[in-house]
Amino acid sequence: MKEKLISLYESLVLDRAPLMLLLLAALTTWTGYYSKDFRLDASADTLVLENDEALRYYRSISARYGSEDYLVITYTPIKGLFSKSILADLEILRHELQQIDRVRQVTTILDVPLINSPPVTLSELSRNVRTLESPDTVPGLARKELTSSPFYSNLIISPDGSTTALQITFHRAEYWHQLFEKRNALRIQRMESGLGKEQQEQLDQVSREFKELSDSLLEQEARDIRQIRSIMDSHRDKAKLFLGGVPMIVADSMNYVRNDLKVFGLGVLALLLIFLFTAFRKLHWVIIPILTCGVTGLVMMGLLGLLGWRVTVVSSNFVSLLLIITMSLTVHLIVRYRELHANNPDKDQRFLVSETLRSKF
């Protein structure tokens with residue numbers, strides 16, 4: 001069996017080397033084109049099982065009570081938080097954040113209702129909600145109420161009054177939630193009772209639409225976060241600002257994974273170049289393995305893009321592993337080829353390559 005396979009390989013590949021190289025170049029070009037569709041996925045779906053009970057409970061609660069995407073900015077001013085200049089800066093920051101298209105509301109200490117600054121009756125509260133911006137608010141009482149109230153302390157302001165938070169709430173993507181719920185209902189039905197042909201087609205279509213919409217929303221969120229950070233940068237002369245929230249974690253995780261792929265991949269490539277040149281001392285024994293690894297990686301990424309298979313934060317370092325495995329196999333072949341060439345200097349390339357493959361098959 002082994003001899004038949006090797007003979008078949010020799011007749012198809014070694015005896016038709018120019019044609020095989022041409023076909024390999026065509027395959028690499030074709031799959032390489034689809035590498036543009038190579039995608040990373042940092043969603044919760046990639047980190048948990050479909051039938052995870054805790055996830056199902058969380059989704060049922062979210063469906064009942066609703067959930068909105070939001071970000072939180074912590075704001076620690078250089079001067080006192082309740083000074084006029086800092087409150088004015090907070091007002092400007094709030095206004096700039098509200099100009100972002102997807103932002104529905106920005107909640108700050110300037111917006112929350114105050115009932116003890118000075119105290120008001122329920123009838124007065126129903127007619128007029130007092131806030132920190134109201135002209136009749138007493139600043140000293142407002143500070144005391146905000147820092148001591150269980151509704152605000154450690155939520156929108158720190159107990160010592162040195163740090164406050166701004167909550168940025170985004171508009172709810174209703175169609176995304178509809179697709180999400182529809183997809184999950186079909187998945188649950190598939191696990192419990194199975195799906196008919198039409199229902200399976202419906203699940204495939206909904207899953208496809210959900211992925212496309214999720215991609216566009218992730219890109220929009222990433223742009224919004226960049227814009228928010230740009231706005232924050234213009235206020236750093238007045239305060240220390242930090243951004244937090246699930247959308248930021250997702251966007252930053254994607255960026256970290258992309259950077260890891262680039263940095264780690266380039267680092268491995270540099271180490272391989274040094275190793276190859278040190279070991280073989282000839283340029284062509286450096287170029288051939290690197291070219292082999294490059295073609296392998298490009299074809300793999302193209303196939304993943306063509307099939308629509310996404311790389312998760314767990315499997316994102318497959319490129320480096322693929323380079324290392326391919327390189328180890330290539331080096332084995334090179335070393336054996338050089339041994340055969342040293343022992344049989346009068347033999348032609350066909351014989352040397354054939355014997356190399358036979359010995360390493």
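Modeller: This is a predicted model. The axes of helix 2 (residues 17-33) and helix 10 (residues 284-307) come within 7 Å, and they cross at roughly 45°.

Colleague: Which residues make the contact of helix 2 and helix 10?

Modeller: Helix 2 contributes Leu24, Thr28, Trp30, Thr31 and Gly32, and helix 10 contributes Val295, Leu298, Val299, Gly302, Leu303 and Leu306. By class, the contact holds seven nonpolar residues, four polar and no charged.

Colleague: What makes helix 9 and helix 11 roughly parallel?

Modeller: Helix 9 (residues 246-280) and helix 11 (residues 318-343) pack at an angle of about 10°, with axes 10 Å apart. Roughly parallel requires an angle under 35 degrees. The value of about 10° meets that cut-off, so helix 9 is roughly parallel to helix 11. Helix 9 passes helix 11 in a right-handed crossing.

Colleague: What is in the contact between helix 9 and helix 11?

Modeller: Among the residues on helix 9 are Leu261, Phe264, Gly265 and Phe280, and among those on helix 11 are Val319, Ser320, Met327 and Arg338. The contact residues divide into 14 nonpolar, two polar and one charged.

Colleague: Now the sheet. In what order do the strands lie?

Modeller: Four strands form an open sheet in the order 3-4-2-5, with antiparallel pairing.

Colleague: What makes strand 3 and strand 5 edge strands?

Modeller: Strand 3 and strand 5 (239-244) each have a single partner strand, so one side of each is left without a neighbour in the sheet. On average, neighbouring strands of this sheet are turned by 20° against each other, direction ignored.

Colleague: Which helices pack on the sheet?

Modeller: Helix 4 (residues 84-98) packs on the sheet and touches strand 2, strand 3, strand 4 and strand 5; its direction makes about 160° with that of strand 2. Helix 9 also packs on the sheet, touching strand 2 and strand 5, and its direction makes about 95° with that of strand 2.

Colleague: How do you know that strand 4 pairs with strand 2 and with strand 3?

Modeller: Pairing needs at least two bridges between two strands. Six bridges join strand 2 (residues 70-77) to strand 4, and strand 3 (residues 103-107) has four bridges to strand 4. Both counts meet the cut-off, so both are pairs. Each runs antiparallel. Ile73 stands opposite Leu166 in strand 4, Gln105 stands opposite Thr169, and Thr107 has Gln167 as its bridge partner.

Colleague: Why is strand 4 called largely enclosed?

Modeller: Six of the seven residues of strand 4 (residues 164-170) are buried, so the rest of the structure largely encloses this strand.

Colleague: Is Thr356 buried or exposed?

Modeller: Buried means under 20% relative accessible area. Thr356 has 4% relative accessibility, so Thr356 counts as buried. Thr356 lies in helix 12 (residues 349-360). Not counting residues up to four places away in sequence, Thr356 touches Leu333, Arg336, Tyr337 and Leu340.

Definitions and conventions. Residues numbered from 1 in each chain as written. Predicted model: local features only at pLDDT ≥ 70, side-chain atom pairs only at ≥ 80, totals over all residues. Heavy atoms only, no water. Axes fitted to C-alpha atoms, helices over the stretch in contact; angles between N-to-C directions. Helix = DSSP H or I, 4+ residues; strand = E, 2+ residues; numbered from the N terminus. Parallel < 35°, antiparallel > 145°, perpendicular 65-115°, else oblique. Left-handed = near helix turned anticlockwise from the far one by under 90°. Contact = heavy atoms within 4.5 Å. Nonpolar A, V, L, I, M, F, W, Y, C, P; charged D, E, K, R; others polar. Buried < 20%, exposed > 50% of the residue type's maximum accessible area, 1.4 Å probe, protein only.
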